[in-house]
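I opened a new page for this structure today.

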Amino acid sequence: MAEEVILGYLQNHDEISDSGQFATDHGLDHSDVVNVIKSLHGFRYVDAQDIKRETDVLTEEGEKYAEQGSPEVQLFLAVPAEGSILKEELQKLVDPAVFKIGCSQAAKNKWVQMGNQISRKVQHVEDRIKDLLLQIRDGQEIDTGDKKSLKARKLIAVQTWKGYSVRKGPDYAPIRRRTATDLTREYLQGGDWRNIEFKEYNFSAKGPPPEGGHLHPLNKARITLFFFNLFSLFLYILNESYTLNFHTSNQIFKRHWDGISVEGIMYQSYVKERLKDIFRLMNFEEMPTNRYVESSFWNFDALFQPQQHPARDSHDTFFLKAPETTKQLPEDYVELVKRVHESGGYGSRGYGYDWKREEANKNLLRTHTTAISSRMLYAVAQLAKQQSFTPKRYFSIDRVFRNEAVDRTHLAEFHQIEGLVCDRGLTLGHLIGVLQDFFSRLGMDKLKFKPAYNPYTEPSMEIFSYHKGLGKWVEIGNSGMFRPEMLRPMGFSEDVNVIAWGLSLERPTMILYGIDNIRELFGHKVDLALVKRNPLCLIGIQ
Ligand code: PHE
């Protein structure tokens with residue numbers, strides 16, 4: 001409608017000088033007219049020039065006084081013509097805002113005598129303010145001094161009006177031509193393509209944002225590694241044995257680190273992948289974690305976790321209804337595990353209780369990836385029995401399940417990162433060394449250890465890292481040396497030790513992304529838009 005009117009008008013006239021006036025003259029809505037002009041301008045049917053006008057309009061307060069009179073006049077009229085009125089009495093007669101402004105303005109105008117008693121000084125006043133407001137409302141011009149004072153009293157404000165002046169454009173036509181956007185089969189068959197006008201291709205139009213394939217923050221956080229990574233890569237390539245004397249190798253790295261001015265980031269990737277790289281650079285092999293369902297045996301019993309342990313309660317662990325029990329366990333080994341629980345051995349007294357097979361058979365969703373470690377270590381020990389013992393470095397990063405009340409910092413389902421080294425003659429010093437090495441590669445080189453308890457490790461240590469941003473020590477993981485009660489029944493000889501550690505993947509990722517509610521990171525409440533929007537995160541700079 002507006003389009004026909006505009007194009008039709010321009011057929012006989014040179015110009016629409018003011019789109020606002022034009023809309024009023026033709027009974028059109030100005031915003032419709034503006035939209036049509038923009039579109040016609042885009043297709044070069046018309047040339048449109050912006051026009052701007054600033055007009056004064058009444059504010060809400062101004063409107064009120066234009067109707068009811070200015071506060072000073074309202075106040076003046078409330079004061080009796082003869083005699084005087086108590087201030088408190090007068091206050092009751094007018095509304096509070098009017099009283100306050102009215103008093104000061106009326107006193108300034110010398111209309112009234114202020115004091116406890118208020119009386120008139122003049123008998124007649126004119127409401128200039130109201131008159132000026134009405135003139136503004138009518139679109140009349142008023143004296144600039146008056147305008148200034150109305151503005152100062154916030155009774156009027158400037159409103160910018162935007163419109164267009166319009167002339168014919170280079171592609172003007174009285175009626176918009178229909179242009180085709182696609183070359184269709186029908187156009188080709190009917191030969192219409194010869195006459196049809198095609199819409200020009202807009203090469204600068206933005207395409208729709210690509211929708212697929214966004215990395216979840218857990219996979220996205222980047223780890224920054226500096227020069228010593230290249231160095232360790234070098235070692236790796238040379239196949240230099242990255243000996244278990246981690247203390248020493250750490251010092252080598254440090255020296256290199258100190259001696260070279262670091263120009264920047266040498267190596268970056270995503271958390272999980274980077275963690276895997278770190279482990280691989282340290283010569284660790286990945287354990288197969290593709291089993292969420294585990295038997296209590298591998299999850300607890302093999303780890304010398306007593307059957308009465310509170311973690312084995314259904315309040316802490318998800319047990320399976322179907323299949324409720326495991327089908328197969330290595331019977332000889334089960335017998336040895338039973339014995340070590342009941343009466344010990346290998347220098348241990350055991351727990352001295354009646355170990356029950358039914359308890360070990362119960363299936364559950366694994367509560368930690370250490371269940372995988374116990375299976376893998378058993379396999380290593382079996383191989384050692386058949387052939388010879390080979391030292392191993394293993395790692396895993398995968399999902400675990402706990403029957404926990406979900407809150408800001410706990411999920412019933414999360415990810416664990418786990419590493420272990422199995423070799424002869426390992427000590428707590430080796431554990432500390434390997435932890436220093438591992439965590440410094442994550443950018444956490446200030447570590448503290450605190451004695452802790454795990455049924456399967458002795459000694460056990462909680463790992464803390466100093467977080468510069470938070471200005472405090474943050475617990476980042478758990479570690480220890482697997483107990484002989486766990487390793488010996490598997491078949492390891494006395495001189496073989498295993499050092500191991502575990503941490504959650506969520507904790508560092510939350511710190512890196514500044515997420516304080518774990519439910520925003522993982523689970524059904526994750527905001528998909530967040531997954532798309534959030535940037536890469538650097539680990540390695542604290
Ligand atoms: N399994 C422990 C946990 O769930 C972590 C751990 C792994 C502790 C290995 C010691 C050794 O927290």
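Before checking contacts, I wrote down my cut-off: a polar contact is a pair of N or O atoms within 3.5 Å, and within protein one must be able to donate a hydrogen and the other to accept it, while residues adjacent in sequence count only if both atoms are side-chain atoms. I also noted that this is a predicted model, in which local features need pLDDT of at least 70, side-chain atom pairs count only at pLDDT 80 or more, and totals for chains, interfaces and linings use all residues. Residues are numbered from 1 along each chain as its sequence is written, and side-chain values use heavy atoms, with hydrogens and water left out.

**Ligand site**

I looked at Tyr456 and found a polar side-chain atom 2.8 Å from a ligand nitrogen. His368 also has a polar side-chain atom by a nitrogen of the ligand, at 3.2 Å. For Gln416, I noted a side-chain N or O atom 2.9 Å from a ligand oxygen. The ligand taken alone exposes 330 Å², and the protein buries 90% of that (accessible areas by the Shrake-Rupley method with a 1.4 Å probe; for residues, only the protein chains shown count as cover).

How many residues surround the ligand? I got 13, with Thr370 and Arg402 among the closest (a residue is near if one of its heavy atoms lies within 4 Å). I sorted this shell by class into three nonpolar, eight polar and two charged residues (Ala, Val, Leu, Ile, Met, Phe, Trp, Tyr, Cys and Pro count as nonpolar, Asp, Glu, Lys and Arg as charged, and the others, Gly among them, as polar). S13 (413-424), S16 (472-482) and S17 (496-504) each supply at least two shell residues, and S17 gives the largest share, three. Helices (H or I, at least four residues) and strands (E, at least two) are DSSP runs, numbered from the N terminus.

**A sheet**

Next I traced an open, antiparallel sheet of three strands, in the order S1-S6-S2 (two strands pair if DSSP finds at least two bridges between them). S1 (15-16) and S2 (46-58) have a single partner strand each, so one side of each is left without a neighbour in the sheet. I found 13 bridges between S2 and S6 (156-168). Ala48 stands opposite Val166 of S6.

I noted a cis peptide bond between Ala322 and Pro323, with omega about -10°. Pro323 is in the loop between H15 (296-299) and H16 (331-343). Glu458 to Pro459 is cis too, with omega near -5°, and Pro459 is in S15 (457-467).
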